[in-house]
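Please open the model in your viewer and keep the selection panel at hand.

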Amino acid sequence: MENISFEDVFEGKLAKNEMIEPKDWMPENYRKHLIRQISQHAHSEIIGMLPEGNWITRAPSLRAKVVLLAKVQDEGGHGLYLYTAAETLGVSRDELLNNLHTGKAKYSSIFNYPTLTWADIGAVGWLVDGAAIMNQVMLQRSSYGPYSRAMVRICKEESFHQRQGYEIMTHLAFGTKDQKEMAQDALNRWWYPTMMMFGPPDSESPNSENAMKWRIKRETNDQLRQRFVDQTVKQVEYLGLIVPDENLKWNEAKNGYDFTEPNWVEFKNIISGNGPCNKERLAARNKAHDDGKWVREAAQAFAKKRSEIYAAA
Amino acid sequence: MTTQEALFQYILRIGDTNLILGQRLSEWTGHGPFLEEDLALTNITLDITGAAKSFLEYAAKVEDKGRSEDDLAFLRNDRQFFNAQITELPNGDYARTIARQVLVDCFDYYFYQELSKSNDETLAGIAQKSLKEVTYHLRHTSAWLERFGDGTEESHNKVQLALNELWQYTNELFEMNEVDELLIKEGIAVDLNLVKTKWEKHISELVEKSTLTIPQNVFMQTGSRKGIHTEHLAFILAEMQALPRIYPDAKW
């Protein structure tokens, strides 16, 4: 009988577009890559609750308040599925959270920008969730089963979020002069940071090669960014707003827009902790976790007492 | 006072209590003690804010002066708000938030049971929906009261302190005035004395089960039925109402 190695089985599954499941053998680097990617994604959802949560108490209508609350809650729910998906790879949530709280783990840099006006809540839903969906639609076909399945559910909710964001922008863009200015200002500030969400250019993306090889990712950063620009320009035009890029121009030959790259120096700085809100975001997470310590301890102490009473009975 | 005026006042009281409580609770979203609890409390917040929206929509309809639920929420001044004072107090730590929530959930549980039988079909309908939700809220917050009471020494002390400080605001929930008198006769409003008896029994059993004690001889605060509040409400409104007041012509 022919000797088939674990690697062969793994590679065979990838080749046949089959899912890798938690109990399957997988190369250590594949496992590490996934833990890093899934936990970063989970952290992004949790940190993302902060800039949007910032406007819950100031939402300008009761409907907007309820919708925003539900949206921020959904993001927390996404964080929960993703932490659970990461746990199937043999890492604990405590460990992952500890990496977040100590600044060791990364999360999406976009959430280190401030939400300054109500229009930013529209822009975050429309642009940031729009960009996230583009990434995540691809990840629904990712090779790791639990991640792929979490993405299917997350994508459904994210597309609601994007519509919610666009709805806010529509009210503003077709509203009073002040509202329209607020919408344009938000677009000006969120356009380039959103483009950064797809990651550095392919020529400088350190993790892309393996991710493509392992079918964790299926399209490159630059391909996704191009698609995002092509899709979003039409939406900007519908709103009667202006893309803050003088070099934006349709290119018939490539059947897509030419556009100005985001400022990658700014991107690197924000990733390394120098963004406008990096410290605040991390401080808010740490405060919530530290303030919650006695709550978690009380729950554990109570559960222990009850199980002792139960055992004695 | 006509029945219509009384009914408007009555619905505002219920709507405002939900609105301000939801507003306070929403401050926790994204900052809860752990992820699952953050999601659970946000669920409660959503239900309560949703109930506020339903009640205020109905209040606007009863008033019949062309105001919307948003006009009522965002364009009234603090002296025109009738929420119970307990809802506007700062959240404090999680023990205080839970203690307040248990006290109010338990009130709502018995209040909505009675209001479900109101002759006013709209009020009865909202109450029936809210009762289903509040039944879950009360289960959730009661479980936490018990965990805190019989958890660690620290949690026990924190939640006992919370009960001690909140207790002075509980009697307001049961106060009745000419509005109640008129509407009880019509079979619309709830006799709050009835709710109070059930609430006292329920809370005293729950507090005892949680190894806590009910504060005795507490002087009770009052005022909200007349639109008199603590210092906190005006700050809440300044934040909540800012956008609609800065941009009065805008639609959102």
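## The largest cavity

The lining of the largest cavity divides by class into nine nonpolar, two polar and three charged residues. Bear in mind while selecting them that this is a predicted model. To find the place, select Arg13(B), Ile14(B), Thr17(B), Phe107(B) and Phe111(B), which lie nearest the centre of the cavity among the 14 residues that line it.

## Where chain A meets chain B

Now show both chains and select the residues in contact between them, which are 45 residues of chain A and 48 residues of chain B. How much area is buried between chain A and chain B? The figure is about 3900 Å², of which carbon and sulfur atoms give 70%.

For a specific pair to centre on, select Lys305(A) and Asp150(B), which form a salt bridge whose closest N and O atoms are 3.1 Å apart. This pair crosses between chains, with Asp150(B) in the loop between α5 and α6 (153-166) of chain B and Lys305(A) in helix α12 of chain A. The count between chain A and chain B is four salt bridges, while the count over all chains comes to 35. If you display polar contacts between chain A and chain B as well, the count is 14 residue pairs, with both residues at pLDDT 80 or more.

Then hide chain B and look at the side of chain A that touches it, to which α2 (28-53), α3, α6, α7 (177-196), α11 (278-291) and α12 (293-312) of chain A each give two or more residues. Which helix gives the most to this side of chain A? Select α3(A), which gives 13 residues. Colouring this side of chain A by class separates its residues into 25 nonpolar, ten polar and ten charged.

## The second largest pocket

For the last stop, bring chain B back and select Ser61(A), Arg63(A), Ala64(A), Asp70(B) and Trp252(B), which lie nearest the centre of the second largest pocket among the 28 residues that line it. The elements that give two or more residues to the lining of this pocket are α3 (62-87) and α6 (145-173) of chain A, together with α3 (69-74) of chain B. Select α6(A) on its own to see the largest share of the lining, which is eight residues. The volume of this pocket is about 600 Å³, and its lining, sorted by class, has 14 nonpolar, five polar and nine charged residues. Leave α3(A) highlighted as you finish, for this helix gives two or more residues to the pocket lining and also gives the most to the side of chain A that touches chain B.

How values were computed
Residues are numbered from 1 along each chain as its sequence is written. Chains are lettered from A and ligands numbered from 1 in the order in which they are written. This is a predicted model: local features need pLDDT of at least 70, side-chain atom pairs count only at pLDDT 80 or more; totals for chains, interfaces and linings use all residues. Side-chain values use heavy atoms; hydrogens and water are left out. On a 1 Å grid over the protein atoms alone, a cavity is a set of points where a 1.4 Å probe fits but cannot get out, and a pocket is an open set with protein on both sides within 12 Å along at least five of seven lines; lining residues have an atom within 4 Å of a point. Grid points are joined across faces, edges and corners, and a volume is the space filled by probe spheres set on the points. Helices (H or I, at least four residues) and strands (E, at least two) are DSSP runs, numbered from the N terminus. Ala, Val, Leu, Ile, Met, Phe, Trp, Tyr, Cys and Pro count as nonpolar, Asp, Glu, Lys and Arg as charged, and the others, Gly among them, as polar. Contact means heavy atoms within 4.5 Å. Buried area is the accessible area (1.4 Å probe) that two parts lose on being put together, summed over both. A salt bridge is a side-chain nitrogen of Lys or Arg within 4 Å of a carboxyl oxygen of Asp or Glu. A polar contact is a pair of N or O atoms within 3.5 Å; within protein, one must be able to donate a hydrogen and the other to accept it, and residues adjacent in sequence count only if both atoms are side-chain atoms.
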